[in-house]
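Try each one yourself before you read its solution.

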Amino acid sequence: MKPLARVFALLVLAFCSALKAATPSPFDAVHVYLITIGPGDEVYEKFGHNMIRVVGPAAAMGQEQDIDIAFNWGEFSFEQPHFIWHFIQGRMLYSSGAHYFTDIVMGYKQDDRSMWQQQLNLTAEQKQRLWSSLLESIDESHRNYRYDYYRDNCSTRTRDALDQALDGQIRAQLNSIATDTTFRWHTRRLMQSNFWLYTGLQYVLGHPVDQKITAWQECFLPVRMMDRMNRIKITDATGQTVPLVMNQQRIYQSKEFVDSDAPPHWIWIYSAIGVALAMLFIIPTLWKMRWWSKLTWGLLAFAWTLLGGVAAAILIFGEFFTDHIVTFHNENMLQLSPLMIPLIVLIPFAAWGKRWAVLSALVLAGLQVAANIAGVALKLSPAFYQPNLEIIALALPANIGMATGLVLIYRRIQSTRHAQ
């Protein structure tokens, strides 16, 4: 009888398992979508945005009414205490939030930002797990997080939430895919609509943004993440391999904002500006300087050294006194170096022909040109791989021009003294 009892017990277990598998889960009626928002007009909108939309009946979700809610990790307030100072220090807080999807669509249409939605092919168990984690993410104790534009932003949090629900299947596939892009490459591509912002970021971003990134890391950009999701294969409830994305549709197409495919080729613009500055530093010193030419040269040289000195101070502050990792090991420290800070004080006196100021400024300007040239020469070493040719094209000729102008001023002072 014992063997028969064992067989009977196994049959009962098999029947119960089959019955459980055949019983539909409330989450079978739930639909999950990845929502992607294209870039917008504001600086903080250039990378785009994304969120997870959950649609389901009240009974399945444990709610009083049917839901259609989108969860995101991209909320912040300019009103939060010390917002600007925290931003400068790299300690800015972002938050998660949940909103009715119809309100979200209306808002982004008004802002003329493109929207896409991808329905995700998740099992009931994966949907339930995702729903639990989404609810936890908007709990007061979990809402806030330290924002990082490249490594911990609204898109990476969305990616991680989906990956967790899928037991790491997304990361396992994307982490092994190498791209030919870097964080800087994408930043240049997306910021080219604003020349001054583009230039500032090219200057302050250092080596950490110049490593080649994987497809997993590239998901810091919502539109790139959307494209990557279309290629993901997952295991469904029956053990079959299926696409993660069941279907994709465009909700709205922007009339103005479009993702650029590649960074601009602007080195000629920076070269032209640098050479023009050099000529302006040299031409007034070729003849005897009148009061107006001294004033013109002095104002221009003072403005340039003030720009360079402030820029150098920003890099020093970013390197040693903030939590910004992306500003570390910046080769632009050689192009607009701390040597320009004392020049801010010396240039007004040098413009008015004070010999001690001209000589001191000439030494510092010469050392600055040497630093510029060293920054170019060091490109021969693989350790100096920062793509900063645009900054070099601007700073090198301008600094050579200023040093040359100081040489000519000093010679004129010397010849005047000898004539006396």
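**Exercise 1.** Which residues does histidine 49 touch, not counting residues up to four places away in sequence?

*Solution.* A word on the source: this is a predicted model, where local features need pLDDT of at least 70, side-chain atom pairs count only at pLDDT 80 or more, and totals for chains, interfaces and linings use all residues. Residues are numbered from 1 along each chain as its sequence is written, and side-chain values use heavy atoms, leaving out hydrogens and water.

Step 1: contact means heavy atoms within 4.5 Å.
Step 2: the partners of histidine 49 are Ile35, Thr36, Ile37, Asn72, Gly74, Tyr108, Arg113, Cys154 and Pro222.

**Exercise 2.** Decide whether histidine 49 is buried or exposed.

*Solution.* Step 1: buried means under 20% relative accessible area, exposed over 50%, and partly exposed in between (1.4 Å probe, protein chains only).
Step 1: histidine 49 has 7% relative accessibility, so this residue counts as buried.

**Exercise 3.** Find how many disulfides the structure holds.

*Solution.* Step 1: a disulfide is a covalent bond between the sulfur atoms of two cysteines; here the test is a pair of cysteine sulfur atoms within 2.5 Å.
Step 1: the count is 0.
Step 2: take cysteine 154, whose nearest cysteine sulfur belongs to cysteine 219, 12 Å away, and which is in no disulfide.
Step 3: cysteine 219 is in no disulfide either.
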